[in-house]
Amino acid sequence: MSGVREKKKQQTRRAIEAAAIKLFSRNGFESTSMEEIATAAGIGKSTIYGYFTAKDEIFLHYCDDRLIDAFTQFKDQHCDDIPFVEYLVAFFMIDFGFVTENREFGRLLLREILFPKEASARVREHNQRYFDLLGGVFSTAEQRGEIASRQDHFILSGHFFSLYVGLLAGWYGGYFNSLEEVEQSMRILFHQACHGIVT
């Protein structure tokens, strides 16, 4: 019986997330209320608070689910023996495609991750999942001798993430015409980060 109840809870949570993302994309994050999300999801306003306490929590939970699914699929489809930089480019391009598939959605995600109204535990939890995924990539590269051992994975994550954010800013600023251009620029930046720019 508990299995049926848990399945029902998961279905309700997914319905809330789907309704929220649709409303955020159509009306904007600030103009969407929790009551509107509950109505669109087919549940009562009081019920929604049994799952999420605020709109940003719904949004980040949805992003976590989507990104973890995408990265799991990516890991299953890519061999660990591809070069470190190529693996890292493929990793970040999954996120890039996810963030930019809907302009309003992407801007909202970047705002919540980069410039949240407050340093909430939910934002830190989301970021930690991201760093954990990257940490696995760095550990593999260390084991294969592609990068020096005993590197601080948090610092490495921040370094490559900052390059990635710069590319996102370029995309939203109109400096790229296609994802292919972004990927090529990312490859150049990551090679420079790993091998330096001194000839």
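Helices here are DSSP runs of H or I with at least four residues, strands are runs of E with at least two, and both are numbered from the N terminus. Glu17 sits in helix 1 (residues 2-27) by that rule. The model is a predicted one, so local features need pLDDT of at least 70 and side-chain atom pairs count only at pLDDT 80 or more, while totals for chains, interfaces and linings use all residues. Residues are numbered from 1 along each chain as its sequence is written, and side-chain values use heavy atoms, with hydrogens and water left out.

**The overall picture**

What does the secondary structure of the protein come to? It comes to 9 helices and 0 strands, so from the N terminus on you read α-α-α-α-α-α-α-α-α. Along the principal axes, the C-alpha atoms fill a box of roughly 65 × 45 × 30 Å.

Of the 199 residues in the protein, 38% are buried; buried means under 20% relative accessible area, exposed means over 50%, and partly exposed is in between, using a 1.4 Å probe and protein chains only. The accessible surface comes to about 11,400 Å², and carbon and sulfur atoms own 53% of that. Those areas come from the Shrake-Rupley method with a 1.4 Å probe, and for residues only the protein chains shown count as cover.

Contact means heavy atoms within 4.5 Å. Among the contacts with a separation of 6 or more, 65% are between residues 24 or more positions apart.

On the charge side, there are 22 positive and 27 negative side chains, and the centres of the two sets lie 7 Å apart. Lys and Arg count as positive and Asp and Glu as negative, with His and the chain ends not counted. Each charge is placed at NZ of Lys, CZ of Arg, CG of Asp or CD of Glu.

Helix 2 (residues 34-41) has Met34, Ile37, Ala38 and Ala41 as its buried residues. They cover an arc of only 100° around the axis, which puts them on the same side of helix 2. That arc is taken from the directions from the helix axis to the C-beta atoms.

Just after helix 2, Gly42 takes a positive phi of about 80°. Arg150 also has a positive phi, near 60°, and Arg150 is a residue other than glycine. Where is Arg150 placed? Look in the loop between helix 7 (121-143) and helix 8. Arg150 is exposed there, with a relative accessible area of 78%.

**Aromatic rings**

A pair of aromatic rings is described by the distance of the centres and the angle of the planes. Rings of Phe, Tyr and Trp (its six-membered ring) pair if their centres lie within 6.5 Å; planes under 30 degrees apart are stacked, over 60 edge-to-face, and the rest tilted. By this rule the count comes to 13 aromatic pairs.

Take Phe91 and Phe92: their ring centres are 5.5 Å apart and their planes are at 75°, so the pair is edge-to-face. Phe91 is buried at 3% relative accessible area, and Phe92 is buried at 0%. Phe160 and Phe190 also make an edge-to-face pair, at 5.0 Å centre to centre and 85° between the planes. This second pair links distant parts of the chain, with Phe160 in helix 8 (residues 153-172) and Phe190 in helix 9 (residues 179-195), 30 residues apart. Both Phe160 and Phe190 are buried.

Ring pairs also build a cluster, whose members include Phe84, Phe96, Phe138, Tyr164 and Trp171.

**A few acidic residues and a valine**

| Residue | Relative accessible area | Class |
|---|---|---|
| Glu17 | 5% | buried |
| Asp95 | 4% | buried |
| Val123 | 5% | buried |
| Glu183 | 29% | partly exposed |

Which residues is Glu17 in contact with, leaving aside neighbours within four places in sequence? They are Phe52, Ile58, His61, Tyr62 and Asp65.

Asp95 lies in helix 5 (residues 84-100). With neighbours within four places in sequence left aside, Asp95 is in contact with Leu67, Phe71, Tyr130 and Tyr164.

Glu183 is in helix 9 and touches Val89 and Met93, not counting residues up to four places away in sequence. Glu183 and Met93 are 90 residues apart in sequence and 6.9 Å apart in space, C-alpha to C-alpha. Val123, in helix 7, is 96 residues from Asn27 in sequence and 23 Å from Asn27 in space, C-alpha to C-alpha.
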